Amino acid sequence: MDGFRKSFRDMKMATGVSMTRSLGGTGHVVETVSQILQQLKWGPVAEQALENLNFSIDAYQANQVLKQIPDPSVALGFFHWLKNKAGFKHDGHTYTTMVGILGRARQFGSINRLLDQMVKDECQPNVVTYNRLIHSYGRANYLTEAINVFNKMQATGCEPDRVTYCTLIDIHAKAGFLDVAMELYQRMQAVGLSPDTFTYSVIINCLGKAGHLPAANRLFCEMVDQGCVPNLVTYNIMIALHAKARNYDSALKLYRDMQNAGFEPDKVTYSIVMEVLGHCGYLDEAEAIFGVMKRKNWVPDEPVYGQLVDLWGKAGNIEKAWQWYQAMLQAGLLPNVPTYNSLLSAFLRVHRLSDAYNLLQSMLDLGLNPSLQTYTLLLSYCTEAGSPYDMGICCQLLTVTGHPAHMFLLSMPSAGPDGRNVRDHVNKFLDMMHSEDRESKRGLVDAVVDFLHKSGLKEEAGSVWEVAAEKNVYPDAVREKSSCYWLINLHVMSDGTAVTALSRTLAWFRQQMLVSGVSPSRIDIVTGWGRRSRVTGSSLVRQAVQDLLNIFSFPFFTENGNSGCFVGCGEPLNRWLLQS
């Protein structure tokens, strides 16, 4: 968005309000007013302080002041105060800035009232205004509203630009709607907006995060072939995607290619390379990168220290993880929630529950609120607790978090005859967690279903799964590969969730078959075990799925070389579904 502000950054608007005398130059007006508004809450005291200045201000200066106000209530108060001043008139820039401020605060009711007032003032929203609004809805995960704004802007004669399309593509891909994201990408090209480096980077990131790394690689090559030069951000995205897919050799090759192309690594690059080296088992080398960063005058921040805490914690070296945590504190940095989560996970992994409890308390003492991920990892540990003592400590930890997810779980009703009461309960909770990213919601749902299943509450577990599936929390769990050829993907789930998801999905297939008369010709059940899997050793998911299929007498076989893909097809599958 910064690029779109530059076009009017140096333009001074003619309309303004004059109050007896000027404070001097434009910069002095902006600085003085901003300081007052940053120090005071909006109210009579702030208003009087502004009145006492006897200053003159125009729309350009007002816009600069608004950009420096972090508190949306103060910004809105100042905005309305100016509006009521004789001789002052807001312009498109002040309205657009205000839309952005309210959007970050997710105050959409205030935004709609502001837009109505904007039109009444004969000040039409422009493409930047609409882009801010789309971006705000996207950040809050209100995708339908974002698309509505997209349609509305076109209906009013305002043509979307690259930023519009890229924002919509990005928010839909992050929410798991990759088909919508790619459709928007094609539509963007159809209206004559050829992709630039930024656009390619967004699409590549979307494809990679949705698990389509080969497609992301092809688009990266297409980008280069089209003469569109990758920048540092593009390389960072590609390196991160290969790191996440555990293609560590490819990630390090891209790192070298980036340097050969003349790009100096930044803090993001170094962090990704540290992660790659750590996951390859080269933790000393990852620490050496930390030294390189400091020599290059990149000051390590909380996430960099947190990454070293995470890497050593996952390697089982609690002492080293704790040393890096202490080093962060000695550097004058406050650990963030992800760092606390990493250390908490490390303590739980070696069953140091008292240390985990103390760490959680220190996190709360710093005023940090446990995240959805914090609650998820505690619930997962609770599910596998090996003794009543461990279970008791776990329950204390879950309570201490104060997270809404705990009240959701405690108030879970017993399943009624049709499970409607549980589904309503889950619906309300997921609506409340609407703004959380999909991966966080998926992690929690997985932990909840696994917990309920292993606690013997299988009906409740099934209802939770069904609501989550309807709300696209698991976008790739069930999909039709081709006509009547279906894929059930269980490899990202815990064993309890996988069993629940599989039984409910097979029941859904049978119901659809009885209603429509159309039967699937083939069903593949993927457990993440086989020649393309990164799983080594015994897979709990695979074993649990195989046991369930045996109980069901499901007519499956495993394909050669891929023992983690159970296949049912043809007449045996149809007969089994009918007689199930």
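Is N472 buried or exposed?

1. N472 has a relative accessibility of 16% and therefore counts as buried, where buried stands for under 20% relative accessible area, exposed for over 50% and partly exposed for values in between, with a 1.4 Å probe and protein chains only. N472 lies in the loop that links helix 27 (458–470) to strand 3 (478–482), and its phi is positive, near 65°, in a residue other than glycine.

2. This is a predicted model, in which local features need pLDDT of at least 70 and side-chain atom pairs count only at pLDDT 80 or more, while totals for chains, interfaces and linings use all residues. Residues are numbered from 1 along each chain as its sequence is written, and side-chain values use heavy atoms, with hydrogens and water left out.

3. N141, which is not a glycine, also shows a positive phi, of about 70°, and sits in the loop between helix 8 (127–139) and helix 9 (143–155).

4. The axes of helix 15 (residues 248–260) and helix 16 (residues 267–279) come within 10 Å and cross at roughly 150°, so the two helices are roughly antiparallel to each other, a term for angles over 145 degrees. Helix 15 contributes Y248, A251, L252, Y255 and M258 to the contact, and helix 16 contributes T269, Y270, V273, V276 and H279, contact being heavy atoms within 4.5 Å. Of these residues, eight are nonpolar, two are polar and none is charged.

Notes
Axes fitted to C-alpha atoms, helices over the stretch in contact; angles between N-to-C directions. Helix = DSSP H or I, 4+ residues; strand = E, 2+ residues; numbered from the N terminus. Parallel < 35°, antiparallel > 145°, perpendicular 65-115°, else oblique. Nonpolar A, V, L, I, M, F, W, Y, C, P; charged D, E, K, R; others polar.
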